[in-house]
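Hi,

Here is the structure for your files. My notes follow below.

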Amino acid sequence: MNRAVAIAAAGAFLSTNTVQAQGQESTEGLAMQEARAKMMTERGKTISYTKKWDLNGLPKYQPQHKVSGTIRIWGSNYIVDGFLGGYWEAAFKKYHPDAKLDYQMKTTLAAVPSLVFGVADLGIGRKITFAEQELFERYKDRAPVEIELATGSYDMNGWQPGYGIVVHKDNPISRLSMKQLDGIFGAERLGGWEGTSWRPNWARGPEENIRTWGQLGLTGDWKDKPINVYGLTLRYHQATEISDLVLKASDKWNERLRIYANYVSAGGKLERGLNADLAKDRYGISYIAAPTSTLTGRAMPPSLKVLAIATKENGPYVPYSLETLHDRSYPLYSRIYAYTDRAPGQPMDPKVLEFLRFVLSQEGQAEVMRDGKYLPLTADVVQAQLKKLQELSK
């Protein structure tokens, strides 16, 4: 554990002025950037799934406005690390041959600021953060427009994968509820809620702190064994997303959380080490993005298993799978978003509106499926997004 904590601590003070020494581990910024870029460029060429969902419930694309000129898109590199960005542009140009998509895709961190400072028409990436929302609203005095473009991937680290709750295969536990996850991953409650400004989603009392496996009904050798909680440094967006999903944005974590961060191995690859350490801990538990694989794309260690999760205490308990992520019956799924600006009382930029309508169509979601990383939206989700766009076009 000392190594994991040291790596996480070092990751908080990344320097961009030095590069990795030959044959040594590194947490230097440029070394990690180089290793990450190489990994994701190679991974972007792969197809994660070949399943073809029936998209007939989605509307076919019918152009409403002729688009010419450039749509400036900033944000997540994963759109262009794979084929999706190119697929969208080629398919869109079949209807609008005079349109051009100008992709500036280095990082999701640029998606919202690019809108604030007027260099982009669209920002694409993971869910906007509190700081990004604050930045936009301070400069614009309004909230950004948010539209879902796809569901996150199943097993592709980087492509906004869903989160699995992972334990050792010897653990008798096979399922947990969201309330139990809050009791495991959340900070210990020492008293009642009276007089406090913070009240978690599950209104959990001190008697519902979960720190031993016996509290989850295990007996025998497991009864008094502590639950060893693993996760990522709280500076990573994955920790923020799990806090939003499980702890309802309290950011109040289990006081014994073992944190991990990325580093560059002596062989020049981006590594993390969490899966390997968890695999050796019979009493451990962790949230892991793309839990069926490791950060480097290898299969999950055979000594680990992924639990079924329920939103409600009485179920249903849903396993982590390609299908349950696609239909969003599994609670810890992820999403990919587009953000744009719209002045009060004015319709949205027609070329941006037209492109978003295309992405939400059968044709646009077929390209998501063709790329084989993100998952296409269901008809219900598409209809909700189109309804939002209809209101914004007025």
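Two strands count as paired if DSSP finds at least two bridges between them. Strands (E, at least two residues) and helices (H or I, at least four residues) are DSSP runs, numbered from the N terminus. This is a predicted model: local features need pLDDT of at least 70, side-chain atom pairs count only at pLDDT 80 or more, and totals for chains, interfaces and linings use all residues. Residues are numbered from 1 along each chain as its sequence is written, and side-chain values use heavy atoms, with hydrogens and water left out.

The sheet first. Five strands form an open sheet in the order E2-E1-E3-E14-E4, with mixed pairing. Strand E2 (99–104) and strand E4 (145–151) are the edges, each pairing on one side only.

Now strand E3. Strand E1 (residues 69–75) runs parallel to E3, joined by three bridges. Trp74 stands opposite Gly123 in E3. Strand E14 (residues 335–340) runs antiparallel to E3 (residues 122–125), also through three bridges. Here Gly123 stands opposite Tyr339, and Ile124 has Ala338 as its bridge partner.

Both faces of E3 are covered. Leu122 and Ile124 are buried on one side, Gly123 and Gly125 on the other. Buried means under 20% relative accessible area, exposed over 50%, partly exposed in between (1.4 Å probe, protein chains only).

Thr108 sits between E2 and helix H5 (111–116). Its relative accessibility is 13%, so Thr108 counts as buried. Leaving aside residues up to four places away in sequence, Thr108 touches Gly75, Ser76, Ile124, Gly125, Arg126 and Glu132. Contact means heavy atoms within 4.5 Å.

Best wishes
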